[in-house]
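Dear colleague,

Please find below the sequence and the structure that I am handing over to you. My findings follow directly after them.

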Amino acid sequence: MPVQMVTNDDLARVVDTSDEWIAERTGIRQRRIAVEESASHMASEAARRALENAGVEPEALDLILVGTTSADHCFPSAACEVQGELGAIHAVAFDISAACSGFLFAMNNLQAFIRAGIYRTGLVIGVDCLSKLIDWKDRSTCVLFGDGAGAVVLQASDKGIQHSVMRSDGSKWQVLSCVSRTNGNLLNGRMPEPGYLYMNGQEVFKFAVKKVPECINQVLEESGTDIEEIKYFILHQANYRIIESVAKRLKQPMDKFPMNMEYYGNTSAATIPVLLDEMNREGKLNSEDKIVLSGFGAGLTWGATLLEW
Ligand code: UT7
């Protein structure tokens, strides 16, 4: 996580907002903003901690996948930068672009490679540095996001990922988007300029509260799992009201839905691995616990994964 913390009151000095509005509508009170840190630096840091925790050497990695939409460079990928940083000389590395669903989609991709017998050990990172894509004059978006990274190591095993569902609906891409660069070239005489993140918040909200419970139910049904067996639902940390609404639709108690957006805001692809890592380090996850991860975001993209810890 970046060092620099920005509170709601700090933002209220820049745009017409308040701690009360942000906290009541979203559950966010502060976020970290990268000043010195780059996306690949945050990703490499998260990766080092995950490898250390798993007792795996970088040289043992076969594959590095990074879920991100805000890598430092258009190319090379963040994954290649991380591979170089770690000295993971045997790993092939590339990014997966699925916005806030990026970590989940990357993890499911790695699982597919492992299940197919192609690779044995891989690293999945969710990292985003949306602060550089934000229009800092737009109060409807600038209060929501933070920068950060989280990572997990996956190895061939009977445990771990049991089943997953991934979905996309490209007909609604305009709801949440960011132009990488405006058209500018020799022929129109304009220089390409960076674009900013745009979001129709209410549309994203409606989409999330409908699609997240649907895909969680699908993953449970297809894997023959009773919802009461699930210890935790680790959801993308965008807004506590979305999570409350999902819990209500699933008829599950709120204590099964851990949250940390209060401290980090919406860190996009990083929310799920960061929360998973926090819970693991706090000793809240025990062997054989069944956990559902679920993410949603631009694309539109969404999905759910059932894990056995
Ligand atoms: O990772 C996935 C990405 N995004 C999400 O998951 C976001 C999903 N959507 C949301 O979380 C919510 O829609 C928001 C938190 C973005 C907005 O909450 P809302 O309850 O849908 O508010 P709203 O957009 O309906 O705006 C209500 C009012 C408006 O004023 P008027 O028209 O009622 O006078 C906005 O102009 O709140 C105003 N407003 C603000 N006021 C103070 C919008 N942003 C702010 C702000 N501070 N930061």
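A residue is called buried if its relative accessible area is under 20%, exposed if that area is over 50%, and partly exposed in between. Please also note that this is a predicted model.

For Phe207 and Trp302, the centres are 5.5 Å apart and the planes stand at 75°. Because angles over 60 degrees count as edge-to-face, this aromatic pair is edge-to-face. Which residues form one aromatic cluster? They are Phe207, Phe296 and Trp302.

Helix H7 also holds Val204. Its relative accessibility is 8%, so Val204 counts as buried. Apart from neighbours within four places in sequence, Val204 is in contact with Val175, Leu176 and Met199. Val204 and Leu176 are 28 residues apart along the chain, while their C-alpha atoms are separated by 7.5 Å.

**A second aromatic pair**

In total, the count of aromatic pairs comes to five. One of them joins Phe113 and Tyr119, with ring centres 5.3 Å apart and planes at 50°. Phe113 has a relative accessible area of 24% and is partly exposed. Tyr119 is partly exposed too, at 23%.

In general, two packed helices are described by the angle between their axes and the distance between the axes.

How do H7 and H8 cross, and at roughly what angle? Their axes come within 9 Å and cross at roughly 40°. H7 is therefore oblique to H8, and the crossing is right-handed. On the H7 side, the contact is made by Phe205, Ala208, Val209, Lys210, Val212, Pro213, Ile216 and Asn217. On the H8 side, Arg241, Ile242, Ser245, Val246, Arg249 and Leu250 take part. By class, this contact has nine nonpolar, two polar and three charged residues.

The axes of helix H3 (residues 39-54) and helix H4 (residues 78-86) likewise come within 9 Å, and they cross at roughly 55°. H3 is therefore oblique to H4, and this crossing is right-handed. H3 contributes Ser40, Ala43, Ser44, Ala47, Arg48 and Leu51 to the contact, and H4 contributes Glu81, Val82, Glu85 and Leu86. The residues of this contact divide into five nonpolar, two polar and three charged.

**Backbone details in the loops**

Where are the cis peptide bonds that I wish to point out? One runs from Phe75 to Pro76, with omega near 5°. Pro76 is found in the loop between strand S3 (63-67) and H4. Another joins Gly299 and Leu300, with omega about -5°. Leu300 lies in the loop between strand S11 (290-297) and S12.

Lys251 is not a glycine, yet it has a positive phi of about 55°. Lys251 is located in the loop between helix H8 (240-250) and helix H9 (261-264). Its relative accessible area is 71%, so Lys251 is exposed. Glu288 is not a glycine either and has a positive phi of about 75°. The loop between helix H10 (271-281) and S11 holds Glu288. At a relative accessible area of 55%, Glu288 is exposed.

**One further buried residue**

Leaving aside neighbours within four places in sequence, Thr141 is in contact with Ile134, Asp135, Leu197 and Met199.

Yours sincerely,
A colleague

Key. Residues are numbered from 1 along each chain as its sequence is written. This is a predicted model: local features need pLDDT of at least 70, side-chain atom pairs count only at pLDDT 80 or more; totals for chains, interfaces and linings use all residues. Side-chain values use heavy atoms; hydrogens and water are left out. Rings of Phe, Tyr and Trp (its six-membered ring) pair if their centres lie within 6.5 Å; planes under 30 degrees apart count as stacked, over 60 as edge-to-face and the rest as tilted. Buried means under 20% relative accessible area, exposed over 50%, partly exposed in between (1.4 Å probe, protein chains only). Axes are lines fitted to C-alpha atoms, for helices over the stretch in contact, and angles run from 0 to 180 degrees between N-to-C directions. Helices (H or I, at least four residues) and strands (E, at least two) are DSSP runs, numbered from the N terminus. Angles under 35 degrees count as roughly parallel, over 145 as roughly antiparallel, 65 to 115 as roughly perpendicular and the rest as oblique. A crossing is left-handed if the near helix is turned anticlockwise from the far one by less than a right angle, and right-handed if clockwise. Contact means heavy atoms within 4.5 Å. Ala, Val, Leu, Ile, Met, Phe, Trp, Tyr, Cys and Pro count as nonpolar, Asp, Glu, Lys and Arg as charged, and the others, Gly among them, as polar.
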